Amino acid sequence: MTSKDSKAFLGQIAAVGADRAAKSLSKLLRIPVSIAKPASAVLMSLDEVGPYLNAEASGDGLALCLTVLGDLEGKVLITFSSADISRVCRVIPRLPEDAGPEHPMVRSALLEMCNILASSFMSSIAEFTNLDYLACPPEMAIDMLDAIIISVLADQLSTEQVVFIDTELVIEVEPFQGKILYFPARPATENLLSLKGGSL
Amino acid sequence: MKKVLIVDDAAYMRMMLKEILSDHGYEIAGEAENGIEAVEKYQELQPDIVTMDITMPEMDGIEAVKKILAINAHAKIVMCSAMGQQNLVMKSLEAGARDFVVKPFEPERIVQTLESLFA
C-alpha cells in the first residue's frame, strides 16, 4: 500500500467520523451543521503543522483537546480562530450574552461540546475499524494555534513526520468554521493502516 | 413531584438538565459534580431518581452507582454519557444503573427514560 493509498484510507475513515460529529453538533446546538470540505489525511513534519493551521486561522485561536487511549491512542483537537470564538459562544444554547470563553459556564459548555463532538468522531471511527479507545476528560487552551499544537503534541509525537486527519465543520446560521483534527499516536496510526496492509 | 439529583462534572450539562427536568415537572433536589458529592447528596436529599455522568474527577459514575446502591438497593439511577463509552455504560448497568441516555440528548428522550422508571 503506497503512502498515497494510506492517506486515502485515513481520509475515508475521517469522513465517517466527520459525518457523525456533524450530526452530534447539530443535535447539541439544535441548528444545521455541515461538513465544509472532504475530510483528508495530512502527512507533514511537526514543524509544518502550526503554519498549516495558521494559514487558515491567523492569530490567537481556541483549541479543545481530548486525549484518547487504547488502540486509537492520540489527541483530538477542536480548533476555532479567534474570530470564531465569539460566534461559537453565540450559538451554544442558554449561555450568558456576550460572555467569552473565560466565563465559567462558557468554558464548561465548550468543554462539553468538545467531549460530545470528539467522542462522536472517535466512536464512529472505532466502530468502522473495530478498534477501541477510551476518552479522557477534555482540556481547553487559548493561544496561537501553532503554539497550542506544539504544546499538545510535544509529549506524544517526537517523530519527524506526523499524520493527522483534518476535517472542517460549518455552522450554517453563523459564518463559523471549526476544525476537528485527529493526531493518532504512532502505534494507533500503525493499527489503522494495518487494516489495509499499509504503512506510512 | 419527583425529586431528581443531577450528577455531572460539567456545569453546563447540569444547567441544561435542570432546565429540561424542571420544565417537565420534576423537582431538582440538588446537583453534584463528582461521585463523592453524589453519594453525600444522595444520603442527604433522598431523591427519587439520579441522573449520573460516567467520566468525572474524584470518583467516577460507576463507583458512585455502587455506593448509592449500597445505601439504597432500590435507588433509581440513569447514566448520561457521551457516545463511545459503551463499555463503561455496560459496567454501569451491571453495577445496577437502570438505564442510560447518550449525549447530546433530545429533551424528550431524557424525560421518557426517567418516566419509564416510574411506569
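1. Surface of chain A. About 8300 Å² of accessible surface belongs to chain A, and carbon and sulfur atoms account for 51% of it.

2. Basis of the note. This is a predicted model, in which local features need pLDDT of at least 70 and side-chain atom pairs count only at pLDDT 80 or more, while totals for chains, interfaces and linings use all residues. Residues are numbered from 1 along each chain as its sequence is written, chains are lettered from A and ligands numbered from 1 in the order in which they are written, and side-chain values use heavy atoms, with hydrogens and water left out.

3. Elements of chain A. Chain A contains six helices and seven strands; here helices (H or I, at least four residues) and strands (E, at least two) are DSSP runs numbered from the N terminus. Along the sequence their pattern is α-β-α-β-β-α-α-β-β-α-β-β-α.

4. Burial and contacts in chain A. Of its 200 residues, 56% are buried, where buried means under 20% relative accessible area, exposed over 50%, and partly exposed in between (1.4 Å probe, protein chains only). Among the contacts in chain A with a separation of 6 or more, 76% join residues 24 or more positions apart; a contact means heavy atoms within 4.5 Å.

5. The aromatic pair. Over all chains, the whole structure holds one aromatic pair. A:Phe121 and A:Tyr182 form this pair, which is edge-to-face, with 6.5 Å from centre to centre and 70° between the planes. The pair links distant parts of the chain, since A:Phe121 belongs to helix H4 (residues 104-129) and A:Tyr182 to strand S7 (residues 176-184), 61 residues apart. Rings of Phe, Tyr and Trp (its six-membered ring) pair if their centres lie within 6.5 Å; planes under 30 degrees apart count as stacked, over 60 as edge-to-face and the rest as tilted. Both A:Phe121 and A:Tyr182 are buried.

6. A:Ser123. Helix H4 of chain A also holds A:Ser123. The relative accessible area of A:Ser123 is 2%, so this residue is buried. Leaving out residues up to four places away in sequence, A:Ser123 touches A:Arg20 and A:Tyr133, together with B:Met83 and B:Gly84.

7. Elements and extent of chain B. Five helices and five strands make up the secondary structure of chain B, in the order β-α-β-α-β-α-β-α-β-α. The radius of gyration of chain B is 12 Å, close to the 14 Å that the globule rule gives for 119 residues, so chain B is as compact as a globular protein of that length. This radius is taken over C-alpha atoms, and the globule rule is 2.2 Å times the number of residues to the power 0.38. The C-alpha trace of chain B spans about 30 × 30 × 30 Å along its principal axes.

8. Burial, contacts and surface of chain B. Buried residues form 51% of the 119 residues. Of the contacts in chain B between residues at least 6 apart in sequence, 62% join residues at least 24 apart. The accessible surface of chain B is about 5200 Å², with 47% belonging to carbon and sulfur atoms.

9. B:Cys80. Strand S4 (residues 77-82) of chain B contains B:Cys80. With a relative accessible area of 2%, B:Cys80 is buried. Its contacts, apart from neighbours within four places in sequence, include B:Thr51, B:Ile54, B:Val101 and B:Phe105. B:Cys80 and B:Pro107 are 27 residues apart in sequence and 13 Å apart in space, C-alpha to C-alpha.

Conventions:
Accessible areas come from the Shrake-Rupley method with a 1.4 Å probe; for residues, only the protein chains shown count as cover.
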